Amino acid sequence: MGDYRRDYRHIADRIADDIAGGRLKPGQRLPPQRAFARRRGIAPSTAGRVYAELVRRGLVVGEVGRGTFVRAAPAGPVGQALIEAGAAGAPVNLELNYPSAPGQPELLAPVLAPLLRPDVLAEALLPAAATGTAPAREAAAALLATPGWRPGPERLLFTGNARQAIAAVLASLVRPGGRVGVEQLTYPLVKEIAARLGITLVPLAGDAAGLLPEAVAAAHRSAPLSALYVQPTLHNPTSLTTSHTRLLQLARLVHDLDLPVVEDRIWSFLHAPGDPFAVHAPALAHVVDGLSKRVAPGLTVGFLVVPPHRVAAVADAVRSGGWSAGRFALEAAVRWAAEGTVARLVEAKRADAARRQRILAEELAGFAVRSDPRAYFAWWELPAPWRADTFTAAAAAHGIAVTPGPAFAVAPGHTPDAVRLGLASAPEPDLRRALRTLAHVAARRAGDRIAP
């Protein structure tokens with residue numbers, strides 16, 4: 001045990017020396033842990049312990065899958081007041097984005113109590129099929145319905161969460177080596193899913209109205225696309241909602257190209273009721289949604305609404321991928337939906353998101369922040385000369401975690417100098433304090449910044 005501990009700490013000491021000596025600069029990205037392990041000739045698990053030790057010492061910041069960055073060096077007297085102000089409060093994580101309504105546990109608990117009866121629990125602990133149960137299909141169809149659309153229960157499939165739903169649909173539609181069109185900025189886990197499935201993501205241009213049909217058509221002409229992945233309602237990270245006119249244009253195009261669409265609606269519950277893309281392209285659109293944002297991330301279900309002729313293929317992908325929903329979670333979801341708990345949580349979270357957007361507008365007034373007054377996140381285009389990586393490191397020096405823009409960029413050469421701010425998880429006083437601190441950091445002149 002003693003030798004083992006000295007080994008990884010010795011490696012961490014050498015990295016710490018490089019940081020102290022300026023050979024590793026603030027904001028510089030460390031190699032992925034597996035690449036680091038290969039270069040050092042150590043086990044990946046040892047590399048993980050090295051990185052964990054560097055995080056513990058406060059020398060680096062980051063997450064697996066997004067990158068690990070050298071933290072900003074402590075500032076001199078000019079910036080010291082800001083560091084002390086940030087250190088005075090608890091760390092604030094604006095990467096996490098899990099909304100929780102006031103009184104949420106009290107709302108959820110009564111529904112779970114009957115499930116703990118031995119006779120009911122025995123049934124709830126059985127495996128669940130991809131098609132779920134008849135009550136689950138009816139409940140999900142009602143939950144996902146909009147004024148102009150109600151999915152047929154026979155089109156419903158279930159996964160453990162919305163991410164697994166995306167993976168199952170893509171696995172059923174795209175062979176390894178296939179191409180999937182996505183917005184230039186997209187949900188980071190879609191990039192990870194594509195890499196694991198051997199899928200190439202093709203970034204497509206958009207404008208203020210949404211994805212450009214001509215960009216889709218041009219990409220398809222250059223080499224056929226197997227599918228299109230879109231977030232037309234409260235796009236993550238920009239909060240953009242595609243206009244109705246643009247949806248109709250895209251629907252005509254995908255119909256002409258016979259191009260399947262994966263429509264991610266995980267944040268749509270915050271928006272005024274609007275019909276999904278599936279209304280305009282019912283034979284091609286695969287709708288993905290879930291309970292993680294509506295209810296809670298720890299006990300969730302992913303929903304899939306697929307064209308009738310695709311049900312069997314997508315269900316096979318769910319089974320083969322091991323992405324089926326847990327029966328207990330399905331039973332809880334049915335009860336929460338039937339008793340109105342989900343609807344009450346949605347209303348509470350809409351009001352909560354609106355309050356947090358007002359805090360954002362007050363604290364970052366004057367900056368180039370793109371958001372929607374109904375969204376739980378915002379896209380901050382940083383003032384020059386800040387870069388996304390150095391600003392992320394500077395924020396971390398104040399105990400504030402933000403997501404750098406490159407985490408969302410599909411094309412490596414297009415890394416926006418922006419950060420995404422998740423507004424949902426931090427208590428409102430902490431959110432205000434963090435945003436105020438970030439505004440002070442961003443506004444400092446180049447010579448006064450926390451990070452060069």
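Q: What makes up the secondary structure of the protein chain?
A: The protein chain has 16 helices and 18 strands. Helices are DSSP runs of H or I with at least four residues, strands runs of E with at least two, numbered from the N terminus. This is a predicted model: local features need pLDDT of at least 70, side-chain atom pairs count only at pLDDT 80 or more, and totals for chains, interfaces and linings use all residues. Residues are numbered from 1 along each chain as its sequence is written, and side-chain values use heavy atoms, without hydrogens and water.

Q: Why is Trp267 called buried?
A: Buried means under 20% relative accessible area, exposed over 50%, partly exposed in between (1.4 Å probe, protein chains only). Trp267 has 3%, so Trp267 is buried. Phe377 has 0%, so Phe377 is buried.

Q: What makes Trp380 and Phe391 an edge-to-face pair?
A: Rings of Phe, Tyr and Trp (its six-membered ring) pair if their centres lie within 6.5 Å; planes under 30 degrees apart count as stacked, over 60 as edge-to-face, the rest as tilted. Trp380 and Phe391 lie 5.3 Å centre to centre, with 75 degrees between the planes. Hence the pair is edge-to-face.
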